[in-house]
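Visitor: I would like a close look at one part of this structure, namely the place where its two chains meet. Please set that part in the context of the chains themselves, and take your time over it.

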Protein chains: 2
Amino acid sequence: MAIIIDKIQKKKDIALSCKLLILENGIHALSIAELAKSAGIGKGTFYEYFKNKDELIFEIVILLMEKHNLKKEFDIANASTVKDKIKVFYNFFYSEEDRELRIFYKDFIATSLINPQEERKIFQSKCFDYYYQWLEQIIEESIRRNEIIPESKKLLKGLFAIGEGMFISSLTTYSIDNLEKELNRYIDTLFTLITIKETK
Amino acid sequence: MAIIIDKIQKKKDIALSCKLLILENGIHALSIAELAKSAGIGKGTFYEYFKNKDELIFEIVILLMEKHNLKKEFDIANASTVKDKIKVFYNFFYSEEDRELRIFYKDFIATSLINPQEERKIFQSKCFDYYYQWLEQIIEESIRRNEIIPESKKLLKGLFAIGEGMFISSLTTYSIDNLEKELNRYIDTLFTLITIKETK
DNA sequence: TTTAAATGACCGACGGTCAGTCATTTAAAA
DNA sequence: TTTTAAATGACTGACCGTCGGTCATTTAAA
């Protein structure tokens with residue numbers, strides 16, 4: 001036998017060591033040779049760990065998303081009102097804190113659209129379901145507490161889609177100039193509609 | 001002097017003659033040489049009319065979108081209720097009729113995300129604003145008629161984004177298995193909230 | 001009517017880039 | 001010393017975009 005490398009860990013290390021270069025230049029301006037060089041490995045070695053450039057993006061998204069989810073979980077638990085909890089969720093689409101992940105996420109969506117792959121779709125579904133269940137729990141509890149009307153549950157998937165939709169539009173058009181404002185405006189308005197008024 | 005070709009028309013002709021081949025194989029499986037050959041022109045000629053493959057997609061989207069808009073305009077005018085008019089708009093994301101355009105639109109969004117270009121962004125903004133104004137007019141008229149509450153106006157951009165958001169999610173996840181159903185459910189629920197109940 | 005000149009459309013060979021492969025080397029462990 | 005996982009960079013083939021040259025048609029002078 002010879003050296004046994006923790007392939008999974010090394011894959012992560014290579015991915016993260018490419019992060020900065022990609023953020024600076026954009027993934028599409030970089031060749032595999034350049035990426036490998038910046039990671040301090042040969043081109044062939046890159047292919048020992050990744051099938052192609054897309055998989056590198058995928059790996060970075062997975063790593064950043066893990067960290068991101070932990071953080072969000074914490075933030076949501078600490079938010080006091082239902083509305084605040086929901087805003088924590090949308091936060092991803094405009095917060096400075098999530099800027100980096102957002103850039104990779106954008107490229108990830110784009111490559112997923114171009115080249116739909118089982119593995120990616122499963123990952124994206126997991127992310128979707130993870131946050132959907134969060135949203136669902138939050139809403140259900142609020143319904144149980146009689147704060148919002150039961151019909152709110154039917155708005156869940158749509159509520160979920162608005163973030164992604166506005167995010168894409170903000171990138172591909174000039175028609176959404178302030179994503180944060182637009183998202184908040186929508187949530188605030190919707191909440192006035194689903195909130196049960198206290199009868200004093 | 002020599003033969004003068006209507007370059008604009010020929011560009012359209014080439015684009016449309018590639019449509020079928022692209023729908024069959026996907027744009028990314030095709031080389032410029034193959035596309036040119038299928039259009040009955042030389043590779044060099046292709047570059048007389050298009051900067052690259054992306055521009056071909058752009059041209060096809062523009063052409064199909066033109067036709068599509070005319071059709072939508074007609075459909076919206078013929079829909080009776082506000083809700084129906086809005087559903088005509090969302091129709092794009094799931095109708096069999098718009099399947100082809102949707103495929104190109106998807107590629108168009110993907111390439112726009114990867115490589116944001118002024119020209120494309122302007123085009124996308126025009127599309128956005130065009131349909132946004134439609135939606136706005138419909139909603140405003142309905143408010144004037146006292147059918148729905150005035151706050152509905154604040155939901156417009158979000159309403160607009162839901163379509164795009166769910167569309168993307170339906171392509172990149174398994175979590176939206178029936179786009180039409182999900183969209184309709186959302187609209188129906190929202191409408192029960194914004195509709196002004198008649199006091200009998 | 002003839003034909004030389006002008007011009008724009010068309011083309012495919014070519015240079016360059018880059019993704020992905022593979023034969024070889026390296027070095028740790030047995 | 002042998003074995004073998006890991007690393008590597010030279011190599012190849014595919015494809016992009018360019019460019020010099022050809023062809024077909026029109027113009028206009030003879």
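Guide: What follows starts from one chain, goes to the contact between the chains, and then turns to some local details.

The model is a predicted one, and the description below should be read with that in mind. Chain A contains 9 helices and 0 strands, so that its elements, read from the N terminus, follow the order α-α-α-α-α-α-α-α-α. Its C-alpha trace extends over about 75 × 45 × 30 Å along the principal axes. Of the 200 residues in chain A, 32% are buried, and among the contacts in chain A with a separation of 6 or more, 63% link residues 24 or more positions apart.

Chain A is divided into two domains, with domain 1 covering 1-50 and domain 2 covering 53-194. The C-alpha centres of domain 1 of chain A and domain 2 of chain A are 29 Å apart, and the contact between these domains draws 11 residues from domain 1 of chain A and 10 residues from domain 2 of chain A. On the domain 1 side, helix 1 (7-25) and helix 2 (32-38) of chain A each contribute at least two residues, with helix 1 of chain A giving the largest share, 7 residues. Sorted by class, that side of domain 1 of chain A holds 8 nonpolar and 3 charged residues, and no polar ones.

The part you asked about is the contact between the chains, which takes 42 residues from chain B and 42 residues from chain A. On the chain B side, at least two residues each come from helix 6 (99-114), helix 7 (118-144), helix 8 (156-172) and helix 9 (179-194) of chain B. Helix 8 of chain B gives the most to this side, with 12 residues. The class division of the side of chain B that touches chain A is 18 nonpolar, 14 polar and 10 charged residues.

How are the two copies arranged about this contact? Chain B is superposed on chain A by a rotation of 180° with 0.0 Å of shift along its axis, at an RMSD of 0.1 Å. Within chain B, Gly165(B) has the C-alpha nearest the axis, at 1.8 Å from it. Both copies use the same surface, as 100% of the contact residues of chain B recur in chain A.

The loop between helix 7 and helix 8 deserves a note in each chain. Asn146(A) is placed in the loop between helix 7 (118-144) and helix 8 (156-172) of chain A, where its phi is near 65°, a positive value in a residue other than glycine. Asn146(A) is exposed because 10 other C-beta atoms lie within 10 Å, and a residue counts as exposed at 12 or fewer. In chain B, Asn146(B) is found in the loop between helix 7 and helix 8, with phi near 65°, again a positive value in a residue other than glycine. Asn146(B) counts as exposed, with 10 C-beta neighbours inside 10 Å.

Elsewhere in chain B, helix 1 (residues 7-25) and helix 4 (residues 53-78) pack at an angle of about 95°, with their axes 9 Å apart. Helix 1 of chain B and helix 4 of chain B are therefore roughly perpendicular to each other. In this packing, Lys11(B), Lys12(B), Ala15(B), Leu16(B), Cys18(B) and Lys19(B) of helix 1 of chain B meet Leu56(B), Glu59(B), Ile60(B) and Leu63(B) of helix 4 of chain B. The residues of that helix contact comprise 6 nonpolar, no polar and 4 charged.

Two buried residues of chain B complete the picture. Phe46(B) lies in helix 3 (residues 43-49) of chain B and is buried, since 20 other C-beta atoms lie within 10 Å. Leaving aside residues up to four places away in sequence, Phe46(B) touches Ile32(B), Leu35(B), Ala36(B) and Ile41(B). Lys85(B), placed in helix 5 (residues 82-91) of chain B, counts as buried with 21 C-beta neighbours inside 10 Å.

Terms used:
Residues numbered from 1 in each chain as written. Chains lettered and ligands numbered in written order. Predicted model: local features only at pLDDT ≥ 70, side-chain atom pairs only at ≥ 80, totals over all residues. Domains from an automatic or database assignment. Contact = placed C-beta atoms within 7 Å. Helix = DSSP H or I, 4+ residues; strand = E, 2+ residues; numbered from the N terminus. Nonpolar A, V, L, I, M, F, W, Y, C, P; charged D, E, K, R; others polar. Least-squares fit on C-alpha atoms with pLDDT ≥ 70 in both. Axes fitted to C-alpha atoms, helices over the stretch in contact; angles between N-to-C directions. Parallel < 35°, antiparallel > 145°, perpendicular 65-115°, else oblique.
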